[in-house]
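Let us walk through a protein model step by step. Keep the 3D view open and find each part as it is named.

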Amino acid sequence: MTHRIAVLALQGDFAEHENALRQCGSEFMEIRQRADLQKSFDALVIPGGESTVIGKLLRELELFTELQARIQAGLPVFATCAGLILLADRIENDSAAYFRTLDVTVRRNAYGRQLGSFHTEGDFATLGRVPMSFIRAPSIERVGNGVTVLSEFDGKPTAVMQGNQLALAYHPELLADHRVLAWFLERIASRGKMG
């Protein structure tokens, strides 16, 4: 069974996610306006970009409440960088909060001004070592009891999963190695959801 993945295409590197999905052989569509929510999709991708801009557009375009409800109801989500910030329960260095569906505390631009953008490798769940690209990335400062840490860098989680949500501080979509995305897609295909 082929699953249809919705890509939140309001701002950020959604085109890179679409290219990664294409290379994984997945069918996808874009969410740009409220009418797009009437279309059928089985999972959601929230790309990297500017979380404040994406959050503002989600509300202005009247997408926020319904997407939040769908995530809370079990819609599988693949989120990178800004997407992680949008899902986080708390942002340590910002009073803003968005979906608040993922029980983590994040810090904006934690790898940004201090270290700049960089590439590294780390172990991811059962996949072994995978490349990781950090671009003004948030750090995960706290994880809740129901959150599984899938990868780490420098002693801090860089990828986490809670139920239907997989969130990464880095950008796998910018690299040629799409094993992390494929892992997410396989879990949806085998279980119909993430958990």
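This is a predicted model: local features need pLDDT of at least 70, side-chain atom pairs count only at pLDDT 80 or more; totals for chains, interfaces and linings use all residues.

Residues are numbered from 1 along each chain as its sequence is written, and side-chain values use heavy atoms, with hydrogens and water left out.

Start with helix α1, residues 14–23. Helices here are DSSP runs of H or I with at least four residues, strands are runs of E with at least two, and both are numbered from the N terminus. Which residues of α1 are buried? They are Phe14, His17, Glu18, Ala20 and Leu21. Buried means under 20% relative accessible area, exposed means over 50%, and partly exposed is in between (1.4 Å probe, protein chains only). Look down the axis of α1: its buried residues fall within an arc of 160°, so they line one face of the helix. The arc is that of the directions from the helix axis to the C-beta atoms. After α1 comes Gly25, with a positive phi near 80°.

Now turn to α2, residues 51–60. Its buried residues are Ser51, Ile54, Gly55 and Leu58. Seen down the axis of α2, they fall within an arc of 100°, so they too line one face of their helix. These buried residues pack against β1 (4–8), α3 (64–72) and α4; contact means heavy atoms within 4.5 Å. Glu62 follows α2, and its phi is positive, near 60°.

On a 1 Å grid over the protein atoms alone, a cavity is a set of points where a 1.4 Å probe fits but cannot get out, while a pocket is an open set with protein on both sides within 12 Å along at least five of seven lines; lining residues have an atom within 4 Å of a point. The largest cavity holds about 40 Å³ of space. His17 and Ala20 are among its lining residues, and both are also buried residues of α1.

The largest pocket holds about 250 Å³. Its lining has 16 residues, with Gly49, Glu50, Cys81, Asn109 and Arg136 nearest the centre. Both α2 and α4 (82–87) supply at least two lining residues each.

Finish at Gln33, in the loop between β2 (27–31) and β3 (43–46). Is Gln33 buried or partly exposed? Gln33 counts as partly exposed because its relative accessibility is 46%.

Terms used. Grid points are joined across faces, edges and corners, and a volume is the space filled by probe spheres set on the points.
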